[in-house]
Amino acid sequence: MDNQEYNKCIEILRGRPKWFFQKDNIDQKLKCLETFKNKGTPSDISFLVEFLKDSNSNIRAKSAETIIHLYQQLKSQNELYESLKYIKIDIADINHYKMFFVPDTYLQLLGIASLNQNGYTREKAIKKLADSKNPNAIKFILLRLGDWVTAVRETAQKTIRTFFTPPYIDSFLQQLPLIDWLLRVQRTDLADIHSEIIEFALSPELTVDFYKKLKRFDDKTRFIYFRNFLKSKRLNEEIAELISKDKNYLVRVELLKHIQNLATSK
């Protein structure tokens, strides 16, 4: 999007009818939001967030669609923080989102709010994410376990434990790379909560059927699983055979590091 197109869309989106009898240019605004969706960048989210409270329901819905699309372009955790922390979202906005957006959209907006620079906003978002009981909330709560505010970290720890039930096993397994990141957080020691999460994630028995489920995850996730499994679980011949055939050579190497445990377990 060039500067001329960008500035024109801002003018249209923020424009209001000058006279009471004039019709608001809804179609033009929707077209501009589509332009932001197709040509914008995550940095535009900070501008677009004000339209989540627009009086027109179509503008609100299209704004949310555009913001979520741009948010999904962010890959690294650094990008998440830098692009989202200064967005103007407060506790009242979170209540507003619940009233005006469908659950899936509301969940994504809560995730964005959980990365806000305001600690009260982050804490409120975490509590609402937990209330949703949605497995997609787990990622956002895990990120806040390393929050720089003690109260927010404690809320995140309390809420993440509410997901320690069997239906969420797959979601925790999927987030193993992020869970692994907890040990690299320097502002606080997260070893204890990391151990709790890993213990829960490894709680199902490793059977042939469960291994088939693990094979659906990427190599990095599977490696983290087996690295932790081999450290904490009893190794037998059946399990060793399963792991020895894994397509990731790093998993097979990890098995070799623990193969002596197989002999002593007979």
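Here are some notes on the predicted model above, one topic per point.

1. **Ground rules.** This is a predicted model, so local features need pLDDT of at least 70 and side-chain atom pairs count only at pLDDT 80 or more, while totals for chains, interfaces and linings use all residues. Residues are numbered from 1 along each chain as its sequence is written, and side-chain values use heavy atoms, with hydrogens and water left out.

2. **The overall picture.** Start with the helices: the protein chain has 18 of them, and zero strands. Helices here are DSSP runs of H or I with at least four residues, strands are runs of E with at least two, and both are numbered from the N terminus. The C-alpha atoms fill a box of roughly 85 × 35 × 30 Å, taken along the principal axes.

3. Of the 266 residues in the protein chain, 49% count as buried. Buried means under 20% relative accessible area, exposed means over 50%, and partly exposed is in between (1.4 Å probe, protein chains only). The accessible surface of the protein chain is about 14600 Å², and 50% of that belongs to carbon and sulfur atoms. Accessible areas come from the Shrake-Rupley method with a 1.4 Å probe, and for residues only the protein chains shown count as cover.

4. **Who touches whom.** A contact means heavy atoms within 4.5 Å. Take the contacts in the protein chain between residues at least 6 apart in sequence: 66% of these join residues at least 24 apart.

5. **Charges.** The protein chain carries 43 positive and 34 negative side chains, and the centres of the two sets lie 1 Å apart. Lys and Arg count as positive, Asp and Glu as negative, and His and the chain ends are not counted. Each charge is placed at NZ of Lys, CZ of Arg, CG of Asp or CD of Glu.

6. **A buried Asp.** Now look at Asp93, in helix H6 (residues 91-100). Asp93 is buried, with a relative accessible area of 5%. Which side chain does the side chain of Asp93 make a polar contact with? That would be Lys53, at 2.9 Å. (A polar contact is a pair of N or O atoms within 3.5 Å; within protein, one must be able to donate a hydrogen and the other to accept it, and residues adjacent in sequence count only if both atoms are side-chain atoms.) Leaving aside neighbours within four places in sequence, Asp93 is in contact with Lys53 and Lys88.

7. **Aromatic pairs.** A search of the whole structure finds 13 aromatic pairs. Rings of Phe, Tyr and Trp (its six-membered ring) pair if their centres lie within 6.5 Å; planes under 30 degrees apart count as stacked, over 60 as edge-to-face, and the rest as tilted. Phe47 and Phe51 make an edge-to-face pair, 5.3 Å centre to centre with 75° between the planes. Both Phe47 and Phe51 are buried.

8. **An aromatic cluster.** Phe210, Tyr211, Tyr225, Phe226 and Phe229 form one cluster. Phe210 sits in helix H14 (residues 208-214) and is buried, with a relative accessible area of 8%. Setting aside neighbours within four places in sequence, the contacts of Phe210 are Leu173, Pro204, Glu205 and Tyr225.

9. Not counting residues up to four places away in sequence, Thr66 touches Leu33, Phe36, Lys37 and Leu48. Ala61 is also found in helix H4, but counts as partly exposed at 42% relative accessibility.

10. **One to check by eye.** Lys133 has a positive phi of about 55° although it is not a glycine. You'll find Lys133 in the loop between helix H8 (119-132) and helix H9 (138-144). At 46% relative accessibility, Lys133 counts as partly exposed.
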